[in-house]
Structures are given as structure tokens and as C-alpha cells.
Amino acid sequence: MLEGGKMNPDKIAKTIFDRVVDYCTNNYDNPHNTYVFSDPLDCMAYYAPNTLEAFLDNFLTNEDNDIIETKKNSGWEFWDMVKSEYIKLWRKWVDEELAYKLGHILESEAQRIMKDNELDDSSKVRYLTEYAEVLNKFADTIKQALQNGEPLSVENLYDWYKMLADVTSPFNSDYRNELLYKVLYLMDYYGYYGVSDYGAYGTGDTDLLQILSLLLDYINRTLYNIENKYLPELEVLTNSG
């Protein structure tokens with residue numbers, strides 16, 4: 001507690017943020033809600049820091065007397081501190097969620113090839129090998145971007161996903177289009193971070209570089225699985241056949 005019985009702004013921000021995350025991850029698509037979202041990311045975007053004042057009361061209960069009293073007895077400077085703390089939490093969540101979704105697409109493609117019963121083992125080896133080659137180049141590009149402190153543009157990042165889709169689904173246009181549609185959806189959020197006036201509750205390049213750094217971890221994990229699990233397993237199957 002602060003002087004005068006006020007709660008710490010970071011504690012208030014954490015309380016509200018945790019409730020927003022719980023709502024957006026567990027209840028975002030409830031048809032009985034006032035707003036129904038297609039994805040937790042959409043829900044979190046709706047509860048972005050710039051609208052904190054508008055939705056704050058929606059996440060308070062009758063048991064939050066300390067917060068309610070602090071809200072009544074605090075000026076704009078105090079609530080700017082609350083908002084600043086909420087921004088940090090919200091931004092970290094979005095960074096991690098975007099990286100997770102982009103990385104999950106990459107991991108899922110490798111897994112899909114391994115489980116595709118319509119492919120023989122030698123075809124799987126070929127697809128995974130080519131996939132790994134592009135992933136390695138993609139990883140090198142991200143490493144260079146991180147080293148230079150210059151994030152990939154939306155167009156550049158999307159082009160890498162198109163190249164990867166071309167490798168894994170060259171003859172299945174419907175599946176390829178569905179995959180790239182998912183990527184385009186995420187590119188909208190990635191691009192939103194890069195807007196120059198995003199400073200209201202983000203830091204532009206800093207966030208993009210953080211997303212790329214986290215995405216690189218997913219790429220490295222996918223490459224590890226391909227090179228140390230999937231390909232050796234297929235080699236054994238091919239030799240035994």
C-alpha cells in the first residue's frame with residue numbers, strides 16, 4: 001500500500017491484467033458475451049492499454065474495495081502509473097503470443113509432414129530436408145536483423161512464410177492458402193507494432209525485435225526436431241524397408 005491507503009499501481013495493474021488474460025484465454029468466444037472474439041489475441045487487442053479507463057470497472061468485483069477506493073481518491077498521475085505498468089504486462093503477453101503462434105505454424109508443418117500417410121518415407125525425407133534448408137536461411141536472416149537492431153518488415157517476414165509453404169505444400173493450393181491466411185492474420189498484428197505512432201502503448205522496433213528473438217527459439221527447436229528426431233527416425237525406417 002502507498003501513503004493514504006492507496007494500493008500500489010503495479011499491484012492494481014497486475015490484478016486487472018491477470019483478469020483480462022483469464023477472460024481472453026478462457027472465455028473469449030462465449031456466445032453470451034457482449035463481444036465475441038475469434039481468437040485470444042483479438043480479445044487482448046480489444047483490451048489494449050489505451051482503453052484501460054473504459055474497461056477497468058468491468059474487471060472489478062464488489063470484493064475489490066481497495067482498488068475501488070484508490071480509484072475514487074486518486075488523480076490522473078496515479079492512474080498514468082497504473083497504465084504504464086499495464087502496458088508492460090500487455091506488451092510482453094502480445095510479444096510472446098505472436099511469437100508462439102508464428103512458431104507453432106513452423107513446428108506444425110514439420111509434424112504434419114511426418115504424420116502424412118500419403119507420403120512415403122523417402123518423400124518425407126525430401127520435404128523435411130528442403131524445409132530445414134529454408135528454415136536455416138530464415139534463422140540466419142533473423143539473427144542478422146537482431147544483430148543490426150532492424151526488425152524484418154511485414155513483407156519480408158511474410159515472404160519467408162510463403163517460401164516455407166512452397167516447400168511443404170507445393171501441390172496443395174487449398175492447404176497452402178489456408179496456411180498463408182493464418183500467417184496474414186498474424187502479420188496484421190506484427191505490422192501494427194511497426195507503426196511509428198504506436199508509442200502510445202508500445203515501442204515499435206523493440207517489440208518487433210523481441211518477437212523475432214522469441215520466434216528464433218521456435219525455429220531452432222523445429223530444426224532440432226527435424227535433424228535429430230524426424231530424419232534419423234525416417235532413415236531407420238527407410239533402411240529397414
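**Figure 1. Lining of the largest cavity.** Helix H7 supplies the largest share of the lining of the largest cavity, 4 residues. The model shown is predicted. The whole structure holds 1 cavity of 30 Å³ or more. H5, helix H7 (154-168) and H8 are the elements that each give two or more residues to the lining of the largest cavity. The volume of the largest cavity is about 50 Å³. Its lining consists of Ile105, Leu106, Glu109, Tyr131, Tyr161, Leu164, Ala165, Thr168, Leu179, Leu180 and Val183. By class, the lining of this cavity divides into 9 nonpolar, 1 polar and 1 charged residues.

**Figure 2. The largest pocket.** The largest pocket has a volume of about 240 Å³. Two elements give two or more residues to its lining: helix H5 (76-115) and helix H8 (173-193). H8 gives the most, with 6 residues. The lining of the largest pocket includes Lys101, His104, Ile105, Ser108 and Glu109. Also among the residues of this lining are Tyr175, Leu179, Tyr181, Lys182, Tyr185 and Leu186. The lining of the largest pocket divides into 6 nonpolar, 2 polar and 3 charged residues.

**Figure 3. Residues that line both spaces.** Ile105, Glu109 and Leu179 are among the residues that line the largest pocket. Ile105, Glu109 and Leu179 are also among those that line the largest cavity.

**Figure 4. Helix H6, end to end.** Helix H6 covers residues 121-148, which makes 28 residues. At 1.5 Å a residue, H6 should span 40 Å. Gly149 follows H6 and has a positive phi, near 70 degrees.

**Figure 5. Buried residues of H6.** Which residues of H6 are buried? They are Ser123, Lys124, Tyr127, Leu128, Tyr131, Ala132, Val134, Leu135, Phe138, Ala139, Ile142 and Ala145. One of them, Tyr131, is buried in H6 and also lines the largest cavity.

**Figure 6. The whole chain, for orientation.** The protein chain has 9 helices and 0 strands. Along the sequence, the pattern reads α-α-α-α-α-α-α-α-α. The chain has 241 residues, and 44% of them count as buried. Among contacts with a separation of 6 or more, 73% join residues 24 or more positions apart. The protein chain exposes about 13,200 Å², and carbon and sulfur atoms supply 48% of that area.

Key:
Residues are numbered from 1 along each chain as its sequence is written. This is a predicted model: local features need pLDDT of at least 70, side-chain atom pairs count only at pLDDT 80 or more; totals for chains, interfaces and linings use all residues. Side-chain values use heavy atoms; hydrogens and water are left out. The expected span of a helix is 1.5 Å times one less than its number of residues. Buried means under 20% relative accessible area, exposed over 50%, partly exposed in between (1.4 Å probe, protein chains only). On a 1 Å grid over the protein atoms alone, a cavity is a set of points where a 1.4 Å probe fits but cannot get out, and a pocket is an open set with protein on both sides within 12 Å along at least five of seven lines; lining residues have an atom within 4 Å of a point. Grid points are joined across faces, edges and corners, and a volume is the space filled by probe spheres set on the points. Ala, Val, Leu, Ile, Met, Phe, Trp, Tyr, Cys and Pro count as nonpolar, Asp, Glu, Lys and Arg as charged, and the others, Gly among them, as polar. Contact means heavy atoms within 4.5 Å. Accessible areas come from the Shrake-Rupley method with a 1.4 Å probe; for residues, only the protein chains shown count as cover.
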